[in-house]
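Hi,

Here is the structure I said I'd pass on to you.

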Amino acid sequence: MSKYLLNKFLYTVDRDPELLERYREEPAATVRMWEDEYANRILNCLHGEASTWLSFDDTEREALSTHDYPKLFELGAHPFLTITLFIGLFERDHGPLEFQKEYARRLSHMSLPYPDITT
């Protein structure tokens, strides 16, 4: 499991409007494409600079592919990155603050101590 890679996915998808829309419409295909094309890129470096070893495990891939943000929270994805991405995906389908309330409701079963978010 790589919390770093989960957070990198959330960060990069949230900051690219085309990638965000693709993830909204075709989450599983977008996760596969992102893992193939983006996972090993080194952020903020010249193209061609890359690592070779990063990949999601099956649990991470499933959570991302199904927009399962409670599972991502349980896996230790950073809550700020998670909520900002999912607000971008789903806020337009709800009234003001309704998605945020739904996010809180779906995570209400969690109690302190919350999952470790360090990478």
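Below is what I found, going from the whole chain down to single residues.

Before anything else, keep in mind that this is a predicted model. Of the 119 residues, 41% count as buried. Take the contacts between residues at least 6 apart in sequence: 62% of them join residues at least 24 apart.

The buried residues in helix 6 are L81, T82, I83, L85, F86, I87, L89 and F90. What covers them includes helix 1 (3-14), helix 2 (17-25), helix 5 (69-75) and helix 7 (98-106).

On the helix 2 side, the contact is made by L20, Y23 and R24, and on the helix 6 side by L85, F86, G88, L89 and F90. Sorted by class, that gives six nonpolar residues, one polar and one charged.

Next, find S65 in helix 4 (residues 58-65). Is S65 buried or exposed? Its relative accessible area is 17%, and buried means under 20%, so S65 is buried. Its side chain reaches the backbone oxygen of R61 at 2.8 Å. Leaving out residues up to four places away in sequence, S65 touches P27, A28 and V31.

A few backbone details are also worth a click:

- H67 sits in the loop between helix 4 and helix 5. Its phi is near 55°, a positive value in a residue other than glycine. H67 is buried as well, with a relative accessible area of 12%.
- L97 is in the loop between helix 6 and helix 7. It also isn't a glycine, yet it has a positive phi of about 65°.
- L112 and P113 are joined by a cis peptide bond, with omega at about -5°. You'll find P113 in the segment after helix 7.

Methods. Residues numbered from 1 in each chain as written. Predicted model: local features only at pLDDT ≥ 70, side-chain atom pairs only at ≥ 80, totals over all residues. Heavy atoms only, no water. Helix = DSSP H or I, 4+ residues; strand = E, 2+ residues; numbered from the N terminus. Buried < 20%, exposed > 50% of the residue type's maximum accessible area, 1.4 Å probe, protein only. Polar contact = N/O pair within 3.5 Å; in protein donor to acceptor, adjacent residues only side chain to side chain. Contact = heavy atoms within 4.5 Å. Nonpolar A, V, L, I, M, F, W, Y, C, P; charged D, E, K, R; others polar.
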